[in-house]
Amino acid sequence: MPCTWITSDLQLRLILTLFFVAECLSAGMEGTKTSNNSMQQLDNGNHSSVSTTSSTERKQSTVTLYAEVKTSLSVLVDTKAVLTCPPVLWPSVLVVTWEIVLRDKPPCFGAYRRDTNQTTRGNCTDKRITWASRPDENPALQVDPVAITHDGNYTCQIVTSDGNFHHEYHLQVLVPPEVTLIQTEKGTAVCKAAAGKPAAQISWTPEGDCDTEQGPYWGDSTVTVQSTCRWGSRHVLNVSCSVSHLAGNKSLSIQLSQGAEIPAHLKNLYITAPIFIILIVVGSIWLLKISGCRKCKLKKTEHTPVVQEDEMEPYASYTEKNNPLYDITNRVKTSQVLQSEVDGMNLHTIYVPRV
């Protein structure tokens, strides 16, 4: 009996040992599968992240192909402006389009189609806006000459096999102002920057009590700025006006006749002195005229008898020549005159006898 119990006990232990070994083997197999599954999931995750990154890079490269560039451009009036398109590989170009939006005007379009080598102006009627050269070589746009009405937006769009490219220009036309500097009667200086675009800025040297005003905008978007400056009781002789503008700076100088405002008594003297001078000149001319008239009257009175005798002489000579009685009378008078002259000289007649 004891041996039988021991044998059965050993069998039981052997069975339990085999069972536990089998359990351990099955547990090891499940762990291996779990680790393999986790590794596979990790690998799948890495692959998904890599694919996500590559797709993101691909999207970023696609956005770059459709990027839009904006440029602000300032151009002086009456000059030439050239607007270029985005740089692209020309063999990939399909269509080039220019869109022009000017102030207070509807948009207009111009295009070039590469496959047919054709250009169209659309509804653009301004002949100063043209292609800079052959559009099949360079699709740039030119504005020549630039006018104030050319303010606006110009957009070049190029359609290629790789995507679309945009370049937008905001064109601002500059107009230099006309600068003047004068002195007023009140001893102040006035600096004016007329019809400029945009508005100019004015400064003074030396600084004084200045008042700057900006006038209303005209229909062509130009504006006038005026600055009036005074220096009070300071004895300022030379002043300078500096005008700052996007089209160029300019400076003018002036010499003031008075550093301060002209006193009232000097103003009265400047007004009355010319009046006195005019009165003196007029009075002198009047006196000379009166004295001259008097002398003329006296001369006429003295010459009147002589003129009468001269006028009578022709008649007297005619009478002497043509009247015999007058001739006899004249001879008697002449002999009497000669006799009286001889008597006055106490001359005695001596007769000399003939031999």
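Good morning. A strand, in the sense used here, is a DSSP run of type E with at least two residues, and strands are numbered from the N terminus. With that term in place, we may turn to the structure above, which is a predicted model.

Is Val93 buried or exposed? A residue is called buried when its relative accessible area is under 20%. The value for Val93 is 1%, and therefore Val93 counts as buried. What surrounds Val93, once its neighbours within four places in sequence are set aside? The contacts are with Val88, Arg114, Ile158, Val159 and Thr160.

The largest nonpolar core holds 26 residues, and Val96, Trp98, Ile100 and Tyr154 have the most contacts inside it. The elements that contribute two or more residues are β2, β3, β4, β6, β7, β8 and β9. Which of the elements gives the most to this core? That is β3, with five residues.

Ile100 illustrates how such a residue is surrounded. Beyond its neighbours within four places in sequence, Ile100 touches Pro106, Pro107, Cys108, Cys124, Ile129, Leu141, Asn153 and Tyr154. Apart from this core there lies another, made of 16 residues, including Trp204, Cys229, Val236 and Cys241.

The pairing of β8 with β9 is antiparallel and has eight bridges; here Thr155 has Glu168 as its bridge partner. β8 and β9 also form a hairpin, with three residues between them. In that turn, Gly163 has a positive phi of about 150°.

We now come to a sheet of four strands. This open sheet has the order β10-β11-β14-β13, and its pairing is antiparallel. Why is one side of β10 and of β13 left without a neighbour in the sheet? These two strands stand at the edges and each has a single partner strand, so one side of each has no neighbour there. From one strand to the next, the twist averages 15°. Within the sheet, six bridges join β11, residues 189-196, to β14, residues 223-230. Cys191 is placed opposite Ser227 of β14.

Finally, some features of the loops. The peptide bond from Asp144 to Pro145 is cis, with omega near -5°, and Pro145 belongs to the loop between β7 and β8. A cis peptide bond also leads from Thr205 to Pro206, again with omega near -5°; Pro206 lies in the loop between β12 and β13.

Two residues other than glycine have a positive phi. Asp78, with phi of about 70°, is in the loop between β1 and β2. Its relative accessibility is 61%, so Asp78 counts as exposed. Asn117, with phi near 55°, is in the loop between β4 and β5. At 48% relative accessibility, Asn117 counts as partly exposed.

That concludes my presentation. Thank you for your attention.

Conventions:
Residues are numbered from 1 along each chain as its sequence is written. This is a predicted model: local features need pLDDT of at least 70, side-chain atom pairs count only at pLDDT 80 or more; totals for chains, interfaces and linings use all residues. Side-chain values use heavy atoms; hydrogens and water are left out. A nonpolar core is a set of buried Ala, Val, Leu, Ile, Met, Phe, Trp, Tyr and Cys residues joined through side-chain atoms within 4.5 Å. Buried means under 20% relative accessible area, exposed over 50%, partly exposed in between (1.4 Å probe, protein chains only). Contact means heavy atoms within 4.5 Å. Two strands pair if DSSP finds at least two bridges between them. Axes are lines fitted to C-alpha atoms, for helices over the stretch in contact, and angles run from 0 to 180 degrees between N-to-C directions.
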